[in-house]
Structures are given as C-alpha cells and as structure tokens.
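Trainee: Please take me through how to read the features of this structure.

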Amino acid sequence: MAGIEETLRDLVGLEGVRGASIVDYFSRLTLGAAGDPAGPDLEAAARGDTDVVRAKLFTLELLGYRPERVEDIVVTLDDAYHLIRPLTRRSRQGIFVHLVLDRAHGDLEAARRSLRRVESELDV
C-alpha cells in the first residue's frame with residue numbers, strides 16, 4: 001500500500017505530468033497535490049473537478065450505471081489532458097485523483113494505467 005505523498009511522487013514522475021492531486025469530493029478538500037509550480041492551480045482544479053465528478057456520477061446513476069463502472073473522466077484541451085479517476089471501491093468512496101498531462105510530451109494510455117494502479121495501491 002502507498003500513502004498519498006508516495007502516490008503523488010510516483011504520478012508526477014511520469015513523463016509529461018504537470019501536476020497531480022488527490023481530492024475528497026464530499027468535502028472538496030485536497031488531500032495532497034504535487035507538480036510544476038508554474039503548472040495549473042491544483043487547488044482550484046480540485047474544487048471545480050469536484051462538481052464534475054459529482055455531476056457525472058449522479059447522471060450515470062440516473063441511467064442505471066453503478067459508480068464502480070467509471071474508469072476515468074478525460075477532459076481534452078489543445079495542450080493537455082486532465083484525467084479524473086474516481087476511486088469508487090468501498091474503502092475509497094468519495095476520493096478522486098486528478099492528473100494533468102502535457103499532450104505533446106505525455107503518454108495518455110500510460111497515465112491511465114498508472115491511475116488504475118493507484119486505485120489498487122493507495123492507502124488513504
């Protein structure tokens with residue numbers, strides 16, 4: 001099992017990652033954040049992404065999908081990907097990981113694999 005700081009250190013070590021955070025979407029509290037100081041404001045992103053996660057999970061529930069089926073939410077910008085991975089396993093309910101990946105220098109599939117691994121290894 002990995003702690004928050006270790007998990008963030010691993011994520012920002014991936015090529016092309018500008019920043020990463022772990023967020024409680026019930027309280028909007030950022031549990032940890034790391035990345036390029038010149039990169040995006042991860043605290044502001046956490047507050048806004050909380051609404052994205054809540055809305056998407058609520059909508060999927062209306063459609064009859066269980067939250068565990070969500071792998072990630074990807075926002076594609078002209079220069080970056082924002083990946084949001086709700087950690088929906090029972091012990092992690094209410095937590096998501098946000099990763100900002102440079103589109104020109106990052107590997108989207110490798111980042112998604114890393115986020116899947118985080119879900120199984122993170123100890124919050």
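**Surface, sheet and helices**

Mentor: Phe58, Leu62, Leu63 and Tyr65 make up a nonpolar surface patch with about 460 Å² of accessible area together. The model is predicted: local features need pLDDT of at least 70 and side-chain atom pairs 80 or more, while totals for chains, interfaces and linings use all residues. Residues are numbered from 1 along each chain as its sequence is written, and side-chain values use heavy atoms, without hydrogens and water.

Trainee: What are patches made of?

Mentor: Residues with over 30% relative accessible area and no salt bridge; like charges are joined within 9 Å, nonpolar side chains (Val, Leu, Ile, Met, Phe, Trp, Tyr) within 5 Å. A salt bridge is a side-chain nitrogen of Lys or Arg within 4 Å of a carboxyl oxygen of Asp or Glu. Areas are Shrake-Rupley values with a 1.4 Å probe, and for residues only the protein chains shown count as cover.

Trainee: Is Leu62 buried or exposed?

Mentor: Buried means under 20% relative accessible area, exposed over 50%, partly exposed in between (1.4 Å probe, protein chains only). Leu62 is exposed, at 62%, and belongs to helix α2 (residues 42-62). Helices (H or I, at least four residues) and strands (E, at least two) are DSSP runs numbered from the N terminus.

Trainee: In what order do the strands form the sheet?

Mentor: Two strands pair if DSSP finds at least two bridges between them. Here the open sheet of five strands has the order β2-β1-β5-β4-β3, with antiparallel pairing. Its edge strands, β2 (29-35) and β3 (73-76), each pair on one side only. Eight bridges join β4 (residues 80-87) to β5 (residues 95-102); Leu87 has Ile95 in β5 as its bridge partner.
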